[in-house]
Amino acid sequence: MFEFSLIQDAYKESSSIIARKAVRAILFRGQSVLMVSSRQGDYKFPGGGVEPGESEREALKREVREETGYTDLVIGPCVGTVFEQNDDIFGTGDCFQMQSYYYVCRLGSEAREEQKLDDYECDLEMQAVFLTPAEALAQNRAVLERERRHITTGMLTSIPWLEREIRVLERLTESPLARIAFEVYECGQIIKHAVCREDMVDEKSGHANFVTTYDRKIQNELRERLLQLAPDAVFVGEEEEAHASVATGKAFIVDPIDGTTNFMKDYRASCISVAMTQDGKAELGVVYNPYLDEMFLAKRGCGAYRNGKQIFVSRQPLANGLVLFGTSPYHTDLAKKSFAMASDYFEKALDVRRSGSAALDLCSIACGRAELYFELRLSPWDYAAGALMVEEAGGSVTTVEGDDITLNAPCSVLAAGTLGR
């Protein structure tokens, strides 16, 4: 969702580097988010440094417990990273560098204990408070403007940590992408911990077209959760008998389990795919692979990300690339043409691959793992989020015939990196 750097001072060769890793929680309760306030009037996301021997998630639970007292933290996906660098303000000549990882979280319960604040945190009178991101953003901007008037010339030219939190709050107020990512992440745990049985499978129309009780369960969960975030949106899920139009207004286009046959066979190559559209155009995309714990996010005009790091398509030519393809198994009349195209691309590329999940294949194009993907017939829920991922990573997505893809009806899909056609 975001990745940016705040370089306040250039690194000097004579400097020694103080490097730290930090973790921070974006924790929602309704429309509010958990922040830590100080007597100076500012707000920061709870979190802090990762200690030696700690995992990021262990450190985040500890930091939130110490700063806010909340003990039942449910940690979701990492949705952003921030790198900071500045000269040490104490005048030692050291260069301070910190990489912060932001995780979307929620509280499993209201269980709470006494805060365990450091001396400087006590001096700042730090307290946990819930407020909307817009309220926190406005107050932090006001504090930054006030404090800039008192910054001593020759030392810091700004307040790095306050600028960091302002930038993150700006992203949160721009769109509900982080909230959608967390809801998808939680539903992904249903896939990850599912117990597959023969009686959970039903056949739909078409060859090898299946639906499981888990497809329906996840779709129902997502419908309830996503429509709470955007009540004015329509919900278009694969497992519905009738599908609403997405031509006007907001819509969620959802595949609860893309790669259902893989899921049934415990092949472990399935995902949840969610796109949020406006007037028939994908604006937000989320694809989550619970088996690899990979969360792909995209916002139109803002890039594509995997686990908080921005991704880009491959710049390799097809001769040095991999080709991914789907067989359109529900449409057996397309089988011969599909395999003929795969054979043709096999002659032109290093090799071909067939994963069984269009959404994951499109994400593989987006992050440069492969150079080209095609399938002769897909439904919008198969590619709505993944296509946005490719486009925001610098690639192209059209039909096989070269036309624009549509989110109102099935079509063929051809996705490629910069040189992959």
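**Close-up views of the predicted model**

**View 1. Asp-293 sits in the loop between β14 (281-289) and β15 (294-299).** In this predicted model, Asp-293 has a positive phi of about 55 degrees, although it is not a glycine. Its relative accessible area of 31% makes Asp-293 partly exposed.

**View 2. Asn-307 lies in the loop between β16 (303-306) and β17 (309-311).** Asn-307, a residue other than glycine, has a positive phi near 50 degrees. Asn-307 is partly exposed, with a relative accessible area of 31%.

**View 3. Asp-118, Asp-119, Asp-123 and Glu-125 form a negative surface patch.** Asp-123 belongs to helix α2 (residues 119-123). With 52% relative accessibility, Asp-123 is exposed.

**View 4. A salt bridge joins Glu-113 and Arg-65.** The closest N and O atoms of this pair are 3.7 Å apart. Glu-113 is partly exposed at 35% relative accessible area, and Arg-65 is partly exposed at 29%.

**View 5. Arg-164 forms a salt bridge with Glu-84.** Their closest N and O atoms are 2.9 Å apart. The pair links distant parts of the chain, with Arg-164 in helix α4 (residues 160-174) and Glu-84 in strand β6 (residues 73-87), 80 residues apart. Arg-164 is buried at 3% relative accessibility, and Glu-84 is buried at 3%.

Conventions:
Residues numbered from 1 in each chain as written. Predicted model: local features only at pLDDT ≥ 70, side-chain atom pairs only at ≥ 80, totals over all residues. Heavy atoms only, no water. Helix = DSSP H or I, 4+ residues; strand = E, 2+ residues; numbered from the N terminus. Buried < 20%, exposed > 50% of the residue type's maximum accessible area, 1.4 Å probe, protein only. Patch = residues over 30% accessible without salt bridge, like charges linked within 9 Å, V, L, I, M, F, W, Y side chains within 5 Å. Areas by Shrake-Rupley, 256 points an atom, 1.4 Å probe, with all protein chains shown as cover. Salt bridge = Lys/Arg side-chain N within 4 Å of Asp/Glu carboxyl O. Lys, Arg positive; Asp, Glu negative; His and termini not counted. Charge placed at Lys NZ, Arg CZ, Asp CG, Glu CD.
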